[in-house]
There are 2 protein chains.
Amino acid sequence: MVVHKVAFQGERGAYSELAVIQFFPNSTPIPVRSFQEVIETLLSGVSDYAVVPIENSIEGSVNEVYDLLLQSNLFVIGEMYQRIHHCLIAIEGTDQGSLKEVYSHPQALAQCRHYLNEKKLDPVPVYDTAGAVKMIKLGQNKNAAAIASKRAAEIYGMEILDVGIEDRKNNFTRFYILSRDPTYTKPSGNDGTSIIFSVKHAPGSLVNILSEFARREINLTKIESRPTKKTPWEYNFFTDFEGHVLDARIRDVLRVIEPKTAFVKILGSYKKEMTG
Amino acid sequence: MVVHKVAFQGERGAYSELAVIQFFPNSTPIPVRSFQEVIETLLSGVSDYAVVPIENSIEGSVNEVYDLLLQSNLFVIGEMYQRIHHCLIAIEGTDQGSLKEVYSHPQALAQCRHYLNEKKLDPVPVYDTAGAVKMIKLGQNKNAAAIASKRAAEIYGMEILDVGIEDRKNNFTRFYILSRDPTYTKPSGNDGTSIIFSVKHAPGSLVNILSEFARREINLTKIESRPTKKTPWEYNFFTDFEGHVLDARIRDVLRVIEPKTAFVKILGSYKKEMTG
């Protein structure tokens, strides 16, 4: 059996590592520090695939990942959804009554705001969820807890004081599976395609392009604008829609919009996953 | 002379404080910890106005601010643009050769990546630019520098080792000026309007709404999608366009799109500022 190496961003125990294990059950997850390093690890061949978060149902898009997908010559070969369950994690034997502060990534803290208010715990933003667990472990701090995944607690040998502490239960993260290989997977009959395009400088350009999809009854599932970074307040549009690049209807719409765009890039087609 | 109190997010010396001083030269800036607290400070009457970053020309939109504008009953009465100049800041008398680490907000670190690589300095992400300066000052750390504004260096009595260290010179942040008062300023002839809307569940809904703007030759300057947070993968669209709510053409388009949306909210009309 081939054991794939799969790069992810974060400390061991990060939600991205859980996503790797969920999509590639028999893989070796490779933790790296930044999204930039995830891309470099895959491009250099140190890993076979990469798994990156692209959007959260509460927080929205992961902008840095979108920007890296524009620059790098990588392909989206799959997607997956993960339900986020936050845990309150502390050093073994910590008394809940002695807790004063809770460390985590600002987004995780924001997602547990009501819980923290109710328990009168002071949120302290740090740069990573699993990193917050590690920090408390190393400091042997018994007045602080961290918010992170169950897996992070297990990896660092910590106690889980509470589970499912997120304020909203519809908290999902969508991940892309990235590959160096541009080969399209066969259409499954339930596929999605992701592209990037920018518009020419003319009023109505964006509407003109989007209406080509509407005319063919191609369902747009997402449209996200990101600055081009070259000219302030000019944007690239990251667009997801239903269908596969090898479908006649999709080939047709891509052929028609091409001359209307300033630039267009196909990120990939992949089997659509179910979401909550 | 009335001295307005104006809330902003961050430590003293933050880029947002510079924006307050630029828009309200004779005001008292009120620093608070989070964007949530900025909104609360204004709603409770502790401040008269608030200044919040809404978008950066490199990093894109400030999602948390968009989400707070949806929930809170505040109005946008102005906009402004700030050119971002990053400084390398250290304790007075620090030798550049002894520097190993550079502390700052992850976005500021990313914006100076080439500079840090060239100087072989190790980036350390912390939660705030001005906070990084304060941290080095308090720790009296002579092996570390911070990336922050010139003003942050002045406030904490630190030395500026280098200026303009950002990789790209077209680095601007756009700010909104917020007020509790819904009164529209008079049309100036060069105005912008910001609205939020969501679409009904039908293919082509978004295109249908946007084409009403295109048909009237109303120039859309920005469209940003944010999750509704109620139903995963449903979005609110934050849209900026040229014109004033008191203009006949804008009144007309708002009247026409209203029944096509699931919901629409006018954030405000304001005099458009120049940008680079």
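## Core, loop and chain contact in a predicted model

Beyond its neighbours within four places in sequence, A:I89 contacts A:V133, A:A145, A:A146, A:A148, A:A152, A:A153, A:M158, A:E159, A:I160 and A:L161; two residues are in contact if their C-beta atoms, placed from the backbone, lie within 7 Å. This is a predicted model, in which local features need pLDDT of at least 70 and side-chain atom pairs count only at pLDDT 80 or more, while totals for chains, interfaces and linings use all residues. Residues are numbered from 1 along each chain as its sequence is written, and chains are lettered from A in the order in which they are written.

A:I89 is also among the residues with the most contacts inside the largest nonpolar core, together with A:V133, B:I89 and B:V133; this core has 139 residues. A nonpolar core is a set of buried Ala, Val, Leu, Ile, Met, Phe, Trp, Tyr and Cys residues joined through C-beta atoms within 7 Å. A residue is buried if 20 or more other C-beta atoms lie within 10 Å of its own, exposed if 12 or fewer, and partly exposed in between.

B:N143 counts as exposed because it has 12 C-beta neighbours inside 10 Å. In chain B, the loop between helix 6 (129-139) and strand 9 (144-148) holds B:N143; helices (H or I, at least four residues) and strands (E, at least two) are DSSP runs, numbered from the N terminus. The C-alpha atoms of B:N143 and B:V133 are separated by 13 Å.

The two chains contribute to their contact as follows.

| Chain | Residues in the contact |
|---|---|
| chain A | 28 residues |
| chain B | 28 residues |

Strand 13 of chain A gives the most to the side of chain A that touches chain B, with five residues.
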